[in-house]
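Please look over the sequence and the structure shown below before reading on.

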Amino acid sequence: MTVSEAYRPLVADELARSRAIIHIDLDCFYCQVEQLRLGIGPDVPLAVQQWQGLIAVNYAARARGVKRLDTVAEAREKCPEIKFVHVATFTDSSPPAYYPSPSATTHKVSLDEYRRASRKIMDVVRRLCPTMSKASIDEAFLDVSEIVRDTILLDLERGQLEWASSEEAAWANDALLRSDAIAEPAPMLPVPVVRWITASRKGKEREPVNGPLPGATDFGILVGDAPPVSYNWGDLQLKYAAKFASHVRSVVFQELGYQCSAGIAHNKLLAKIGSALNKPNVQTVFLQSQVEAFMYTFPLSSLPSLGGKLGALVEAA
């Protein structure tokens, strides 16, 4: 029996202790649909209009102070060069289309254009991850635990995993036990080295791909004060999930032209929070060691389903 064969069941058991979840979130989805339909670049301020209000605002317009739910007049005052695109509408006698001057008294709103775009995007994501689950018209959750496990086991067989020294392993195990983040590792199982910033051919750490944002690494933005190198199987699991998330985002952009952000974590809640932290077109990774400190200061009203009056009541309690 080879060393990799001996470790394989132990590694599989260790990875089964936690899940690897990705939340994909399209950036300003309605605006992107219209930008691609009309051939308008993302640097042009643009808003999607429904009657006299705005239901979506791209990042170029947001940078000029335009906000969702602004009126058309308010947006034009803030950003005179902004381009407005009214959603498609229809009447009892006419099909959905982009009419020049639709009226709320004679027309009804059609979101078919966005639903068609969503179906195309979700089809691409589902092809890459058949177990994905659609969360909304522009969001999806991907449980990539099995994909990550199989890839790590393959790299184990190829001898491509880096192992910690005995001193690093002892320090890592002690830190994990003190934090109560993860149960005690299985006996005899080596500790992996998880490098978030890869080295150049000269052996020096390269500038992170996602720089210069705080926490920037080659695999996304790390939440909190996570170090560029860590030593545990949970972090390795998330690193492989982050690589997969980057691949999904790249394929969606290459095939359809849409940019999206992503959150990577051990559960859906943190993955969803993460996808919104560093938009647009960036992915964020929640290492288990950083969760407690982050959640301690994170507003309850910013949690999914706890916005508005409910969130305010919970925070006041």
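Predicted model: local features only at pLDDT ≥ 70, side-chain atom pairs only at ≥ 80, totals over all residues.

Residues are numbered from 1 along each chain as its sequence is written, and side-chain values use heavy atoms, with hydrogens and water left out.

Helix α2 covers residues 29–38 and helix α5 residues 112–128; helices are DSSP runs of H or I with at least four residues, numbered from the N terminus. They pack with their axes 10 Å apart, at an angle of about 95°, so α2 and α5 are roughly perpendicular (65 to 115 degrees). Axes are lines fitted to C-alpha atoms over the stretch in contact, and angles run from 0 to 180 degrees between N-to-C directions. From α2, Phe-29, Tyr-30, Val-33, Glu-34 and Arg-37 meet Glu-113, Tyr-114, Ala-117, Ser-118 and Ile-121 of α5.

Ser-118, in helix α5, is buried, with a relative accessible area of 0% (buried means under 20%, exposed over 50%, with a 1.4 Å probe and protein chains only). Leaving aside neighbours within four places in sequence, Ser-118 is in contact with Phe-29, Lys-134 and Ile-137 (heavy atoms within 4.5 Å).

Helix α10 spans residues 288–297, and its buried residues are Gln-290, Val-291 and Phe-294. These cover an arc of only 120° around the axis, so they lie on the same side of α10; the arc is that of the directions from the helix axis to the C-beta atoms. On the other side of α10, Ser-289, Glu-292, Ala-293 and Tyr-296 are exposed. The cover over the buried residues of α10 includes α9 (268–277).

Key. Helix = DSSP H or I, 4+ residues; strand = E, 2+ residues; numbered from the N terminus. Parallel < 35°, antiparallel > 145°, perpendicular 65-115°, else oblique.
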